[in-house]
Amino acid sequence: MSSVFGIPLPAILGQLMLGLVNGSFYALLSLGLAVIFGLLGVVNFAHGAFYMLGAFAAYIGLQVWGINYWWALLLAPLAVGILGILIERLLLRHLYQVEPVYGLLLTFGLALIAEGVMRSIFGASGKSYPVPALLQGGFNLGFMVLPIYRAWVVLASAVVCALTWFVIERTRLGSRLRAATENARLVQAFGINVPLMVMCTYGAGVALAALAGVLAAPVVQVSPLMGSSLVIVVFAVVVIGGMGSIVGAILSGLVLGLIEGLTKVVYPEASNIVVFIIMALVLIWRPAGLFGKEA
Amino acid sequence: MRAQIAVYVVLMALALIAPLLGLYPVFLMKLLCFAMFACAFNLLLGFTKMLSFGHAAYFGASAYITGWLVTVQGWGTLAGIVGGVAVSMLLGLVIGAIAVRRQGIYFAMITLALAQVVYFICLQAQFTGGENGLQGIPRGSLFGLIGLGEDRIMYYFVLACFIAVFVFIRRIVHSPFGQVLKAIRANEPRAISLGYKVDRYKLIAFVLSASLAGLAGSLKALVLGFATLSDVSQGNSGEVILMTLLGGSGTFLGPAIGAIVVVTLQEYLSGLVGSWVSVIIGAIFVVCVLVFRRGFVGEIERWFAHRN
Amino acid sequence: MTRKSTFVALGALLGLYASSQASAAADQVVIGDIDDMSSVYADVIGQGGVEAINMAITEFGGSVLGKKITVLSVDHQNKPDIGASKFREWADQNGLTMVLAGSNTGVSIAMSKVASAKKVPFIAIGAGGASLTGVDCTPYTIHYAYDTTALGNGTASAIVKQGGKTWFFVTADYAFGTQLQEAATRVVLANGGRVLGSVRAPLGTTDYSSFLLQAQASGAQVLGLANAGTDFSNSLKAANEFGITKTMKPAALLAFLTDIHALTLQTAQGLFLTTGWYWDLNEQTRAFAKRFYAKVNRQPTMNQTAYFSATLQYLNAVKAVGSTDSDKVMAQLKKTKINDVFASDGYIRADGLMVHTMYVMQVKTPAESKYPWDYYKVIKVMSGEEADGSQPDPTCPMIKK
């Protein structure tokens, strides 16, 4: 068996593969977070909760109405996105005048509510969601068996990330969005409905989180707390990438997933904190993040 | 001013007789520890406007260190407390030095992320007992003379510590150092242009706040006899924010009152409604942020100010 | 003047609050139940445990020595701090006379410290950690249902003897997991096997993939799952998903009937496991299971039946000594032989361990299963001494002297 620095190569490749899967989730989640931050200036602490709600929406859909996985991929983000729009309309909107930390606190409270409600209804240990029939089984890669479903997660998130990037960077809608980020009042003066755009952006960002939740449902247990620890990692990913930077969020999500996977082979104890350590280093050397413009 | 003194005298009297009223002393001590924690946190949020989202790290680290020193190393109670506070001070210095470089939400997120590192260290280090936590921490005695095992004696010790911390924070805020902090809070660029080394002032405030939070954590570990992961968890960091906000950040009494309300709610609601407690806590959070940003004491103070 | 009246009102409120607190009841027997009611172990005991206590109280007649029997229960959420502080509070405030501890060894160890400080009989049932009657033993602890030593002696030796010589452990990262791994390791080594490595997964881990890849990379024959509840079922499911069960033989060091039920026989068939009780052992167990099923709509687990049995044994002891005095009751319990629906040939050893007959089981294949919940076949019946050794644990401080 070949090895690198005394570590068997299959182990490294296997963990890198899993890192890529995790990185795909990070990328999807940090993408939504970055989009929301870019336009609203709100750090959405409830992002993990929306991810969790997406997974639960898929679970409930399957159990109650028999909605299958493929429809859930569409409907769950839609439902959660609408919830997000309501939250923006009714709650977040009132905080744009005050300091951004209040947005953080508000969404923190919302996350507590969402987790508490789900925990009271479904219990803390969570529910399992079956892998859709089409994606069952695995590829034997030689060094490991890669379940087909996980390969699908990587593919699906790559497509979604690319699409989002395209919409924001290459379309007319995207250019308005970016302009509104720079100077909302000016854009408003040009006759573009900025509040509507803000609302839809929050809805879309939240829907991305919910989509990640549906993708994750068959991989991890659908549980009320599935998002709460993840959201902090994703924060760190966004800070590393540069707040508000789309490309930064996607790339650093993937790369950090890989680094985390590698850490699991070399020094498993550190795998939970490696992201935060990298974040601290980045902040010391490049306070605006790797892809961010100097604030 | 006279009204203020009257309030303090009444509260003091209440605190002194509380255990004699048949209130459960362990619960009262828990209230005091969290009140102290919130007051320490308020030094940062209320008087410097820095939102630390990871204050549980200092609270919890100190609880662990004190517990470990007293239980495993056989240190005395006071030495154990000093050791715990020293560690949280050091931790505050390291994390603060990184965090004060940024402001606002960046500051919040850095403190949150680094507190998460502390959490994982506590989870994995040998001396903390991992998921089990440290158990059976003895309260010991003061100078080998006054045994703290008796709940009421321990209560008055914790009360004395709380009052000392409270007076200390008042003193700091009213000192020239506190005035500079206020200036930074009001207008940071201006403070810089006046020649103040703003980062240094902020760092000192951060370290002070972390140390006092550590003291609260040490006392909590001694009172309840254990230090566990809940103490260092993100949830604990969130709760101290809620306490401060609810009671009124930037007021002296507010955080203590907020702490009493939140801990009491948790204690008595959890028996009644189970896991709906976190929903209620979350809802209070939302209401606080949307319509009640001054908190109880803040609103009362404003009401008095308007009347006069 | 409004201020003054506010203070008066505040004072009055505080007084009210205080008087509502002082309700420590001397004329009651208060049984506490501190367990995981909502998380990874909620199905193992949980609400079913409360039901089992109530069944025992009803069977006993509802009162003892003319005192009413009250049950308090709380969800410890797998947090040692909640378990310990609730226990302390009940002892200080509610006149607690005995406590039953549900799942989670970490919580139980924390509670045992309170038991010795407050001198309240403490019957640990859901927790497996053998240290409860070892280094963490107290004069008031009884470890009732099973322990990690027995699990290791049962399952691990059965597998090693079948040829599973090299092991890799996926261990739940808290007291129970580590003690279970230690116990199993001892047995593996004693039978000429080897342990190639281990990895610790946090309690409540949902994605086991990276841990399992480490297991696979070790090249061991046996995948030892030193965990329980949903941790166990999640890790076994992931092992299936990654095709690891094809190259390694999974060993369940602790699995409950409810886990097998949730996993289905299709996934769980062929697993070896050790248990202290099974509903389908004999007429008596089946009769109890039927009554339990009528109330809970599930067959009872080993631990739920242990809740029933322990409550009855405790009430009998109280009746026999005519008092709820902790020392007298403990002395009575320790000299009583236990033969009931739960235990056969049971007795409480000097270190607090209840030694009784244990069973090594194998999970049936779907074809072998004839009726609902027909999941186990008995491979071996172990006497209590065979499962736990004939001597009290020498690491228990009470034994040394």
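So, which strands of chain C does helix 6 lie across, and at about what angle does it run to strand 7? Keep in mind that we're looking at a predicted model here. Okay: helix 6, residues 175-190 of chain C, lies across strand 7, strand 8 and strand 9 of chain C, and it runs at about 165° to strand 7. Helix 7 of chain C, residues 209-218, packs on the sheet too, touching strand 7, strand 8 and strand 9. Its direction makes about 170° with that of strand 8 of chain C.

Now the sheet itself. It's an open one in chain C, four strands in the order 8-7-9-10, with parallel pairing. Strand 8 and strand 10 sit at the edges with a single partner strand each, so one side of each has no neighbour in the sheet. From one strand to the next, the twist averages 20°. Strand 7, residues 166-172, and strand 8 are joined by seven bridges, and there you'll find Trp167(C) opposite Val195(C).

Let's go back along chain C to strand 1, residues 28-35. Seven of its eight residues are buried. Strand 1 runs parallel to strand 3 of chain C, with eight bridges between them; Val29(C), for one, has Ile69(C) as its bridge partner. Strand 1 also pairs with strand 4 of chain C, again parallel, over five bridges, and there Gly32(C) partners Val99(C).

On the B side, 31 residues are in contact with 34 residues of chain A. Helix 5, helix 11 and helix 13 of chain B each supply at least two of the B-side residues, and helix 5 has the largest share, with twelve. By type, that side of chain B divides into 20 nonpolar, nine polar and two charged residues.

Notes:
Residues are numbered from 1 along each chain as its sequence is written. Chains are lettered from A and ligands numbered from 1 in the order in which they are written. This is a predicted model: local features need pLDDT of at least 70, side-chain atom pairs count only at pLDDT 80 or more; totals for chains, interfaces and linings use all residues. A residue is buried if 20 or more other C-beta atoms lie within 10 Å of its own, exposed if 12 or fewer, and partly exposed in between; C-beta atoms are placed from the backbone. Two strands pair if DSSP finds at least two bridges between them. Two residues are in contact if their C-beta atoms, placed from the backbone, lie within 7 Å. Ala, Val, Leu, Ile, Met, Phe, Trp, Tyr, Cys and Pro count as nonpolar, Asp, Glu, Lys and Arg as charged, and the others, Gly among them, as polar. Axes are lines fitted to C-alpha atoms, for helices over the stretch in contact, and angles run from 0 to 180 degrees between N-to-C directions.
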